[in-house]
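Biologist: I would like a close look at a single part of this protein. Please keep the answer plain and connected.

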Amino acid sequence: MARFKRILLKLSGESLMGKQGFGIDPERLSDYAQQIKEVAEMGVQIGIVIGGGNIFRGLSGSQKGFDRVKGDQMGMCATVINSLALSSALGAIGVKNKVLTAIRMEPIGEFYTKWKAIEAMEQGQVCIFSAGTGSPYFTTDTGSSLRGIEIEADVMLKGTRVDGIYTADPEKDPTATKFNDITYKEVLARGLKVMDLTAICMCQDNNLPIYVFNMDIVGNLKKVMAGEEIGTLVHN
Ligand code: UDP
């Protein structure tokens, strides 16, 4: 039995780079697709948001002279590229899925509505929500909170390259200890970098728990769904 019935899985674009310094590593992509397949086979309804940081980020673009709004639009297009890559990898292993876009761009993907998404998930299709919120000055973390709340997900699973939330950055501070669970209030009070503030506040206000875990270890997504405590739960 799966621990959650409907999930919103957030994957960072940066993780898609794998061992490469840029773009999409086919091996990492196929590992992700395989992990998603395992969970889909458990009967879990799955919505996914994938970032675009492996291709373009509006904020860093603006520091190099790009107009911020155009840069953010480039970033949103980057999330569409990653979403199509994931859709293709899922399709290749027989996982039915559809890409929904926050900005109209048929025939690349269908224009997102909550009801379209829920109907597809109830029919067993994985939904990939692309183009973030559709607006500049947001991130895909906020896009994930928004979609997670809208589709009434039981949890947002944030797949990262660390195995949870620590008192300090474990890559810099060897004394850092891991939380098994923590409240949103404490995350905010300690200034822990789980997601950006807008995303955290939306989850807090709308009572959407976040589970942070290491998605780069193959098999971990299934472990989370089977109830193994391998990450950190953020809750009210
Ligand atoms: N973005 C945006 N609005 C959104 C979501 C994303 O403008 O609702 C842009 C923004 O420029 C961001 C980029 O898309 O930097 C890529 O998303 P993000 O940085 O969240 O990707 P990740 O860090 O998860 O790879």
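Between which strand and which helix is the loop where Ser-12 is found?

Modeller: This is a predicted model. Ser-12 is found in the loop that lies between strand E1 (6-11) and helix H1 (26-40). Its relative accessibility is 23%, so Ser-12 counts as partly exposed, given that buried means under 20% and exposed over 50%. When neighbours within four places in sequence are left aside, Ser-12 is in contact with Gly-51 and Gly-159.

The unreviewed UniProt entry places the feature "binding site" at Lys-10, Leu-11, Ser-12, Gly-13, Gly-53, Arg-57, Thr-160, Tyr-166 and Asp-169. These positions are spread over 160 residues of sequence, and they are spread in space as well, with up to 25.8 Å between C-alpha atoms.

Gly-53 is another of the positions in that record. Gly-53 sits in the loop between strand E2 (45-50) and helix H2 (58-63). With a relative accessible area of 23%, Gly-53 is partly exposed. Not counting residues up to four places away in sequence, Gly-53 touches Gly-13 and Glu-14; Gly-13 is itself among the positions that UniProt lists.

For contrast, take another serine. Ser-145 is part of helix H5, which covers residues 140-150. Ser-145 counts as buried because its relative accessibility is 0%. Beyond residues up to four places away in sequence, Ser-145 touches Met-156, Met-195, Ala-199, Met-202, Cys-203 and Leu-208.

Conventions:
Residues numbered from 1 in each chain as written. Predicted model: local features only at pLDDT ≥ 70, side-chain atom pairs only at ≥ 80, totals over all residues. Heavy atoms only, no water. Helix = DSSP H or I, 4+ residues; strand = E, 2+ residues; numbered from the N terminus. Buried < 20%, exposed > 50% of the residue type's maximum accessible area, 1.4 Å probe, protein only. Contact = heavy atoms within 4.5 Å. UniProt positions renumbered as here; feature names shortened; annotations may be inferred.
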